[in-house]
Amino acid sequence: MLKIVLAATTALTLISLAGAASAQALTPPQAPAGARPSPQQALTQGAGSLTSGRPVGGRLAQGDDTLQSGEYADSWTFPVRRGQTYELNLSSSAFDPYLIVRGPGGLSEDNDDDPAARGSRDSRVRFTAPADGLVEVSATSYEPGETGAYTLTLGGAAARPVASSAAETASDRPVRMGQTLEGRLGAGDRQLDSGEYINSYVLRGRRGQTLDLRLTSTAFDPYVAISGPDEFSAFNDDDPAVTDGRDSRLVVTLPADGDYRITATSYASGEQGGYRLAVLDGTGAATPAPPAVRPSERASANGQITIGQAVSGSLDAGDDTLESGEYVDHFRFTGRRGQRVAVELTSSAFDAYTILTTPGGDQQDNDDARDGTHDSRLDTVLAEDGEYEVMVTSYAPGETGSYRFSVIPSQGSPRQASVQGGARVFAVMVGVSDYGGAQNNLDFTDDDARKLAETLSTDGSLNAASVVLTNAEATVAGVRRAFARVAAQAGPEDTFLFFFSGHGDQSDTRVSGLEPDGRSESIVLRDGEISDSDMAELFGTLRTRLSLLVLDSCYSGGFARNVVDRPGVMGLFSSEEDLTSAVADKFQAGGYLSHFLRVGMGGEADGDGDRLVTAGELATYLRRQFREQVESVESETQDGQRNYQNLVVDRGGVQVDDVIVRLPVHEVAANGR
């Protein structure tokens, strides 16, 4: 449905728009004044680099780069390493600071006020890097046009850098295999950003050559590292063969011919004193003789194993390698759609890494198990029938050693296992087609509510306490009473759903953090409206495991900022906050979201066939349907700017694997799923 508020009257006009899908790309609208920038909008040219523990000063001023929403911004960069935790603090007495952080692996963090300092306007962001790379930071203000001095500080566990080029500086000394060198760390040496002194040596290495690097000292806690071609790097603090010893030992197999840089440093910053570095032939040291393998732990000649079987093996020089230099062994197993399995790889010799490839060619990979060890565990539901391949490899290039690998049946994560089946969805479903002359009528929107209730009832998911309100029943008071009554009966193990299909509206309000565009959104009922702030109050009364707000109405995306701000709330909205929504005539539905939600919760969103529709699966299904069916459906703002209708999904604190609905198992045979 599409509602436009006319400037001169209170009448609402329905405009029918074509809904045929096409390959036409969407053109995103300009951000309204005061809106937080998107990741693509956020960063401009850099102002400098950050070093851990060293505050930098800056000033926002006229002439600086600006965000599209009008705030001045300075940009800073610093390198990060996967798994390391970092903290950024931005303080100013001249303006309200705001931090925008973008980086590798999809890193995206924004922050206004320090959550640990109540009443403070300073901004703090703490994050763990999902991948190696360069992070970009925008130091900006909360309001457009603010200026003044600021201080930006990088803290946390800054990554210990390992240079990618062996001959990076003239001070690197040459070293040969079999040589032992005496050295000293101290004043005048180069230092890492985190304060440790370093000495570096260059070794000419060959592919497949094994090194045994030993760094010893009585003056400090030694730390040895090596880097070289193909982005190879490895490092070690303590000798794993010496219990409670501080000396550092690293055994590595080189992945390629070329120059390698060996770095001698200390574990703690500022440590000084003499050391001894031995560069020895590590042949025989990298891969201890593996224990005897029982017949049951041997894979077939082509790597074929069965689900439930454990096998033993070893990564060795001469094995196949990935393009990035890691040795790899290949295994295959046959699986069925809907099977839940755990792919496990354990090793005391290297940092385990597994890559699972489906029959259709999709990949999943895993580095560390959830217990924080270097073992790898990938828990997944198989999405299709056929033969799966698992590549057993290491996190860093050139690592070798014995391992134990298995593909075993899994019971799934506790988040899924604890979800009860049966009628656990408590819903208030509202649809208004007949507005009694107060607004223009809409097609099919009342049917949207009825059909959703029918689908959930047929699946056995809908609790009897649920309520459907259509047309004359859908008054403001009636909806509020129904919400309160159903919410009171929904418990902490249940799912609550509020669904609405009908008109939406916008009205002017004070510009604020919740309404940066100065407009409040609402859903239009038979005799009045419920605003986004009203809806937030209603959702604040819920005590359920998970709650869904689904609005198929114009401007519905504006509810996300107000309502999806607490744990366990997920929002699905048919359009962005300043754009209209269209009637889905081709599906005989009041809106596209209404139709796809009903079909998805009925089972089509269950992508892996485990009879659970999770938050991630539902979001993915809806996005795919909108991309295929709605991308060419036109939309417009209240003042006539034209664009295309876009789905808004906001999971808030709801995790990807959180279960929305458990489908009945008896349908598996009937549907052949």
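The legends below describe close-up views of a predicted model.

**Figure 1. Confidence along the chain of the predicted model.** The mean pLDDT of the protein is 80, and 80% of the residues reach at least 70. Over residues 1-46 the pLDDT stays under 50, and the model has 121 contacts beyond four places in sequence for this stretch. Residues 286-296 also have a pLDDT below 50, with 15 contacts in the model beyond near neighbours in sequence.

**Figure 2. The open sheet of 6 strands.** The strands follow the order S32-S31-S33-S37-S38-S42, and their pairing is mixed. Strand S32 (467-470) and strand S42 (648-650) each have a single partner strand, so one side of each is left without a neighbour in the sheet. From one strand to the next, the twist averages 5 degrees. Strands S37 and S38 run parallel and are joined by 5 bridges. Within this pair, Leu-548 stands opposite Met-570 in S38. Helix H4 (residues 476-489) lies across S31, S32 and S33, and runs at about 170 degrees to S31. Helix H8 packs on the sheet as well, where H8 touches S38 and S42. The direction of H8 makes about 10 degrees with that of S38.

**Figure 3. The largest nonpolar core.** In soluble globular proteins, nonpolar side chains tend to be buried together. The largest nonpolar core of this model holds 39 residues, and those with the most contacts inside it are Leu-497, Met-570, Leu-572, Leu-618 and Ile-660. Among the elements that give two or more residues to this core are strand S33 (495-501), strand S38 (569-573), helix H7 (592-604) and helix H8 (615-629). The largest share, 6 residues, comes from H8. Leaving aside neighbours within four places in sequence, the contacts of Leu-572 include Leu-548, Val-550, Leu-597, Leu-618, Leu-622 and Val-649. A second, separate core has 38 residues, including Val-430, Tyr-435, Ala-536 and Leu-538.

Figure 4. A pair of aromatic rings is described by the distance of the centres and the angle of the planes. The whole structure contains 16 aromatic pairs. In one of them, the ring centres of Tyr-353 and Tyr-395 are 6.2 Å apart and the planes stand at 35 degrees, so the pair is tilted. This pair links distant parts of the chain, 42 residues apart: Tyr-353 belongs to strand S26 (residues 352-357), whereas Tyr-395 is in the loop between strand S29 (386-394) and strand S30 (401-409). Tyr-353 has a relative accessibility of 17% and therefore counts as buried. Tyr-395 is partly exposed, because its relative accessible area is 32%. Elsewhere, Phe-483, Phe-496, Phe-498 and Phe-539 form one aromatic cluster.

Figure 5. Strands of a sheet pair through backbone hydrogen bonds, either parallel or antiparallel. Here the order is S22-S30-S25-S28, and the pairing is antiparallel. Strand S22 (310-315) and strand S28 (376-381) are the edge strands, and each pairs on one side only. The twist from one strand to the next averages 15 degrees. Strand S25 (residues 340-346) is joined to S28 by 6 bridges, and Leu-345 stands opposite Ser-376 in S28.

**Figure 6. The surroundings of Pro-79.** Pro-79 is located in strand S5 (residues 73-80). Its relative accessibility is 53%, so Pro-79 counts as exposed. Not counting residues up to four places away in sequence, Pro-79 touches Tyr-86, Gly-133 and Leu-134. The C-alpha atoms of Pro-79 and Val-135 are separated by 6.0 Å, although these residues are 56 residues apart along the chain.

Notes: Residues numbered from 1 in each chain as written. Heavy atoms only, no water. Core = buried A, V, L, I, M, F, W, Y, C linked by side-chain atoms within 4.5 Å. Buried < 20%, exposed > 50% of the residue type's maximum accessible area, 1.4 Å probe, protein only. Helix = DSSP H or I, 4+ residues; strand = E, 2+ residues; numbered from the N terminus. Contact = heavy atoms within 4.5 Å. Phe/Tyr/Trp six-rings, centres within 6.5 Å; stacked < 30°, edge-to-face > 60°. Pairing = 2+ DSSP bridges. Axes fitted to C-alpha atoms, helices over the stretch in contact; angles between N-to-C directions. pLDDT = per-residue confidence, 0-100.
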